[in-house]
Amino acid sequence: MNYVTLENVSKSFGEKVLFNKIDLTISKGEKIALVAKNGTGKTTLLRVLAGEEAAEGENSKIFFHKSARVSYLRQEPDFHPDMTAMDAVFEADSPVVRAIKAYELAMIHPEKADELQTAMSNMDDLKAWDFESKMKEILFKLNIKDLNQKVGTLSGGQQKRLALARILIEEPEVLILDEPTNHLDVDMIEWLEEYLKSPNLTLFMVTHDRYFLERVCSHIVELERGNLYKYTGGYSDYLEKKTMRHEVESAELEKTKKLYQKELAWMRRGPKARTTKAKSRIHEFGRIEEKANQNLDDGSLKIDFKTARLGSKIVEANYISKSFDDLKILDNFHYKFKKGERVGIVGPNGVGKSTFIKLLTGQEKPDSGKVVIGETVQFGHYTQDGIQLEKDKKVIEVVRDVAEFIPLEKGKKLTAIQLLDTFLFARDQHQVFVSQLSGGERRRLFLLTILMKNPNFLILDEPTNDLDIMSLQVLEEFLDIFPGCLMIVTHDRYFMDKLVDHLFVFHGDGQVKDFNGDYSEYRKWILELEREKRRVQRAADEKPKVVQEKPKEKKKLSYGEKREMEQLEKDIEKLEKRRAVILELFNDASANMNDLSKELAEVQESLDEKEMRWMELAELG
């Protein structure tokens, strides 16, 4: 069943053609990703598909199946700042969603017994309890806790997660998603992967997360030079099939160039008789010339860097600690960086990764300990918070304001123009004003201003957000041959796997583990650790407990001891119920096994203590 059909759809901005007479069908259950360079029309195509922009062309048509409800996740959510998170989440026009909202509001005011009873009856009538449980799972997984908070007080990342939660709760047949993994930590991304794999969901999305593409998508479509190319399979299939297509196109292009040279020679002879046949040949020459001048080569980097020399002392963190009120970032952390070191930093949002970088670069002072920065160290620090570009300046001027060139080995230079070319800024974009760039292009340009400073210790804090896959490939190739120290904070698992040798893993409460390996190896290690914990726990649960009997004391329980015993019985019952819930959650593939294992150990320890105390009191009675 075709849910969506596009026919002869076009879109232009001025003289720039984004896509020209493209066709596309999206069938039920298909999961399609759209890839293209920044600024070539990805978001515009999503907006056209979602009905937020009109298609162009007399014969353009967009059909939606009558049973297909469509939800669109924008790259930048549009909420009224005065609405609460609850209003945003329950914005869907559905009886079930309205019933759950009424129930949640009634729960906030339990003193209004009649309203609560009415809400619960309505939940029963609509069989909404399972849906409510699913909704709470979505909110929990996306770390949305305070539903009474005003949307205007939320960060951009929190608003993006709120918008994602809302459309998942709506349960539409077709999801149109623009960069759904932006502002999600790795645990959230991996949960979302599993959620979107559901056969009942039909997806059309833009994402730069290549592991996400590989594990979720059944098809990839590429927007290139105004045309749409569809490939079956995930990211690895796309790379293979795109290479084959370019090989065929290159062979055809070589033939076209030879024909172009032949026709060019004929044109230069200046035929005297402009017959109809000759005029037709002149017209055809224009078409051949355009085709022959296509550039299919994205280019590859061959740069011999000449970064500033790094001395023997680079950066030393000597037993540093840092806290903000109750939030402990580091606790007695000690490390000495070595030449050419490549380290990734991972951990959930809010654990202090950006603060850690500021400590190492001297922007923040530790509460105790000392950070020593070597005299030869020249930091290059890319951070999303630091993007400040003058919008009334041209692209080439922004780069040249930093430096005219990067020095290379053997006296060679990489000029500002060459660097822009390398990072996929076409020559006609060099003279474009910053205000005309897309969000991804601005991030890419700001990154170039960091690289033009020719640092020898490069720190990239979430460099992949809003960059297209082609830009990521170029950046990876650039960093792969970068000779200095490299530190990366990113939720892009593919990017990190390609570039780092080891990880600083932030576990919270100031604890940082140095893991020797990339992110995929770390995840495998964590899974093995969790399996072993569950095996040990099962063995402990199955082993019969031996309780050593104590001689009975001829003593009656006091009033206080009786009350203590009653409270212990209630506590034990609650703990046993919670243990049963945790054990059941271990069967859920999307659950965070590390957190569950930790909680289970705490519950079991508390249960053992209370059972032992209860038995002591029982012996007395």
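The model is predicted. The protein has 621 residues, and 47% of them count as buried. It contains 19 helices and 20 strands. Inside, there are 3 cavities of 30 Å³ or more.

**Overall make-up**

- Of its 621 residues, 47% are classed as buried.
- Take the contacts between residues at least 6 apart in sequence: 68% of these join residues at least 24 apart.
- The exposed surface comes to about 32900 Å². Carbon and sulfur atoms supply 48% of that surface.

**Cysteines**

- A disulfide is a covalent bond between the sulfur atoms of two cysteines.
- The count of disulfides in this model is 0.
- Cys217 has 9% relative accessibility, so Cys217 counts as buried. The cut-off for buried is under 20%.
- Cys485 also counts as buried, because its relative accessibility is 1%.

**The largest cavity**

- Its volume is about 60 Å³.
- Its lining consists of Tyr72, Leu73, Arg74, Pro77, Asp78, Phe79, Ala163, Arg166 and Ile167.
- Which elements each supply at least two residues of this lining? They are the strand β5 (70-73) and the helix α6 (156-170).
- The helix α6 gives the most, with 3 residues.
- By class, the lining has 6 nonpolar and 3 charged residues, with no polar ones.
- Arg74, Asp78 and Arg166 belong to this lining, and Arg and Asp both count as charged.

**The second largest cavity**

- The second largest cavity has a volume of about 50 Å³.
- Leu34, Val35, Ala36 and Lys42 are among the residues that line it.
- The lining also includes Glu179, Val206, Thr207 and His208.
- Leu467, Asp468 and Ile469 belong to the lining as well.
- How many residues of each class line this cavity? There are 6 nonpolar, 2 polar and 3 charged residues.

**Points to keep in view**

- The lining of the largest cavity has no polar residues, whereas the lining of the second largest cavity has 2.
- Each of these two linings has 6 nonpolar and 3 charged residues.
- Cys217 and Cys485 are both buried, and the disulfide count is 0.

Methods: Residues numbered from 1 in each chain as written. Predicted model: local features only at pLDDT ≥ 70, side-chain atom pairs only at ≥ 80, totals over all residues. Heavy atoms only, no water. Helix = DSSP H or I, 4+ residues; strand = E, 2+ residues; numbered from the N terminus. Buried < 20%, exposed > 50% of the residue type's maximum accessible area, 1.4 Å probe, protein only. Contact = heavy atoms within 4.5 Å. Areas by Shrake-Rupley, 256 points an atom, 1.4 Å probe, with all protein chains shown as cover. Disulfide = S-S within 2.5 Å. 1 Å grid on protein atoms, 1.4 Å probe; cavity = no way out; pocket = protein on both sides within 12 Å on 5 of 7 lines; lining within 4 Å. Points joined across faces, edges and corners; volume = space filled by probe spheres on them.
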